[in-house]
Amino acid sequence: VHIASEVNVNGVTIVAPMHLRGCTFASGLSGLRTQFTRGVDLTGSRFMRHVALKGASFADSSTFDGARFHGTLSLIDARFTAPVSFRGASFSNGAYFEDAVMTEADFEDAIFENVTSFRRTRFTGPATFAAARFYAQSWFWNSHFAGSATFDDIKVIAQISFREMVVDGEA
C-alpha cells in the first residue's frame, strides 16, 4: 500500500490495532502525544520522510521489524509499556529516542546510518542491540538499563558514547 499524503494522528487515542505491514509512507507520519492502546505493526514499512512520534504512548506490543526510516525518526519522550521491536530496521537520517521509556526493546541487526541518540532513555526490561551497526555518532548518555543489556557483535564506524550509562542487569 502506498500512502501519498502525510498521516497525521497528533493527540488522538487509537483504540484499534494498527497493522500497516509493508506500506510506503511517502509524506511522513505524525503522532505527537498519540496514545496507541492496541498493537502497532509496521513491519517492513518504508517511511520516505519524517516519523514524528514525540510523546506518544504504546500500551501493547509494537513492531517495526525491517522498517526503513529514510527521514528523521523522533520517539523523544515516547512510552512503550509493552515490548517494542526494531529488529533489522534501518535509520538513514537520524533516530532520536531521547527520554523514552521502553519496557522490552529489540534492536538486533538494526542499522543506524546517521546520528542516533538514546540520551536519558530508560530501558525497564531487557534490551538488545546485538549485531547492530552504528555508522555515525551515537549517544547512550545517561541511559539506564534496569534489565539486561546486550551489545554483542555490534559494529561501530563512528564515535559511540556510553557516558554515565547505568546497567543494573547483565551486560
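**Note on a predicted all-strand chain**

1. Eight strands, written here as 8, make up an open sheet whose order is 1-5-9-13-17-21-25-29, and their pairing is parallel; strands are DSSP runs of E with at least two residues, numbered from the N terminus, and two of them pair if DSSP finds at least two bridges between them. At the edges stand strand 1 (2-3) and strand 29 (155-156), each with a single partner strand, so one side of each has no neighbour in the sheet.

2. This is a predicted model, in which local features need pLDDT of at least 70 and side-chain atom pairs count only at pLDDT 80 or more, whereas totals for chains, interfaces and linings use all residues. Residues are numbered from 1 along each chain as its sequence is written, and side-chain values use heavy atoms, with hydrogens and water left out.

3. The overall dimensions agree with a compact globule, because 171 residues would give a radius of gyration near 16 Å and the protein chain has 15 Å; the radius is taken over C-alpha atoms, and the globule rule is 2.2 Å times the number of residues to the power 0.38. Along the principal axes, the C-alpha atoms fill a box of roughly 40 × 30 × 20 Å. Of the 171 residues, 44% count as buried, that is, under 20% relative accessible area, with exposed meaning over 50% and partly exposed in between (1.4 Å probe, protein chains only).

4. Among contacts (heavy atoms within 4.5 Å) in the protein chain with a separation of 6 or more, 10% come from residues 24 or more positions apart.

5. His144 lies in strand 27 (residues 144-145) and counts as partly exposed because its relative accessibility is 27%. Its C-alpha atom is separated by 7.0 Å from that of Arg120, 24 residues away along the chain, and, not counting residues up to four places away in sequence, His144 touches Thr121, Arg122, Phe123, Val166 and Asp168.

6. Thr124, by comparison, belongs to the loop between strand 23 (122-123) and strand 24 (127-128), and with a relative accessible area of 44% Thr124 is also partly exposed. Leaving aside neighbours within four places in sequence, Thr124 is in contact with Val101, Met102, Thr103, Ala146 and Gly147; the C-alpha atoms of Thr124 and Met102 are separated by 6.1 Å.

Conventions:
Helices (H or I, at least four residues) and strands (E, at least two) are DSSP runs, numbered from the N terminus.
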